[in-house]
Amino acid sequence: MADTFLGPDGLGDQHLGGVDAFDPASTAAWADSVDATTDLDGDGFRDTVAFDNGFGALVVATDTDLDGLTDRLTAVADDGEFGVWEFHRELDGTPRWDRIDEGTIGIDESHSTEHK
């Protein structure tokens with residue numbers, strides 16, 4: 001099941017830890033304060049900024065609908081753990097971030113050729 005994080009209106013914890021402690025609302029707010037540097041989808045518009053969040057994670061923040069606000073975040077921690085979040089707004093206007101993917105990037109030990 002995906003983790004859901006409330007937006008800035010209802011979010012209590014504002015720290016930017018590793019992927020499990022990652023705060024998408026604060027991270028998106030920071031990303032929105034800088035200019036996008038990369039055109040991730042090749043449409044001619046810069047929509048993405050990538051940065052080290054200072055807590056051991058590479059973050060890719062993307063404005064997929066080009067409204068000027070980040071609505072997709074991907075974070076990859078130094079240990080290979082990753083998470084992907086998408087922004088949604090409820091019908092009543094309540095903002096939320098849903099964790100839509102997670103896992104670990106690394107060697108699949110079940111296919112390792114190393115002999116013991």
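**From the pocket to the core**

The structure is a predicted model, in which local features require pLDDT of at least 70 and side-chain atom pairs count only at pLDDT 80 or more, while totals for chains, interfaces and linings use all residues. Residues are numbered from 1 along each chain as its sequence is written, and side-chain values use heavy atoms, with hydrogens and water left out.

The volume of the largest pocket is about 250 Å³. A pocket is defined on a 1 Å grid over the protein atoms alone, as an open set of points where a 1.4 Å probe fits, with protein on both sides within 12 Å along at least five of seven lines; lining residues have an atom within 4 Å of a point. Grid points are joined across faces, edges and corners, and the volume is the space filled by probe spheres set on the points. At least two lining residues come from each of α1, β5 (81–89) and β6, and α1 gives the most, with four residues.

These elements belong to a chain with one helix and six strands, where helices (H or I, at least four residues) and strands (E, at least two) are DSSP runs numbered from the N terminus. Along the sequence, the pattern reads β-α-β-β-β-β-β. Of the 116 residues, 32% count as buried; buried means under 20% relative accessible area, exposed over 50%, and partly exposed in between, with a 1.4 Å probe and protein chains only. The chain exposes about 7,400 Å², of which carbon and sulfur atoms supply 52%; accessible areas come from the Shrake-Rupley method with a 1.4 Å probe, and for residues only the protein chains shown count as cover.

What does the interior contain? In soluble globular proteins, nonpolar side chains tend to be buried together. Here the largest nonpolar core has twelve residues, namely Phe22, Ala25, Ala28, Ala31, Val49, Phe51, Val59, Ala61, Leu73, Ala75, Trp85 and Trp97. Such a core is a set of buried Ala, Val, Leu, Ile, Met, Phe, Trp, Tyr and Cys residues joined through side-chain atoms within 4.5 Å. At least two residues of this core come from each of α1, β2, β3 (57–62) and β4 (72–77), and α1 gives the most, with three residues. Contact means heavy atoms within 4.5 Å. Leaving aside residues up to four places away in sequence, Val49 touches Ala31, Val34, Asp35, Ala36, Thr37, Val59, Val60 and Ala61. Across the chain, residues 24 or more positions apart account for 30% of the contacts with a separation of 6 or more.

The structure also holds two aromatic pairs. One of them, formed by Trp30 and Phe51, is tilted, at 4.4 Å centre to centre with 50° between the planes. Trp30 lies in helix α1 (residues 24–32) and Phe51 in strand β2 (residues 48–52), so the pair ties together parts that are 21 residues apart in sequence. Rings of Phe, Tyr and Trp (its six-membered ring) pair if their centres lie within 6.5 Å; planes under 30 degrees apart count as stacked, over 60 as edge-to-face and the rest as tilted. Trp30 is partly exposed, at 42% relative accessibility, whereas Phe51 is buried, at 12%.

Two threonines extend the account of the interior. Thr27, in helix α1, is buried with a relative accessible area of 1%; its C-alpha is 9.2 Å from that of Thr70, at 43 residues' separation in sequence. Thr62, in strand β3, is buried with a relative accessible area of 8%. Thr62 touches Leu40, Asp47, Thr48, Thr70, Asp71 and Arg72, residues up to four places away in sequence not being counted.

Other residues have greater accessibility by class. Leu66, in the loop between β3 and β4, is partly exposed at 39%, and has a positive phi of about 55° although it is not a glycine. Glu102, in strand β6, is partly exposed at 44%; the C-alpha atoms of Glu102 and Phe82, 20 residues apart along the chain, are separated by 5.4 Å. Gly106, in the segment after β6 (95–104), is exposed, with a relative accessible area of 60%.
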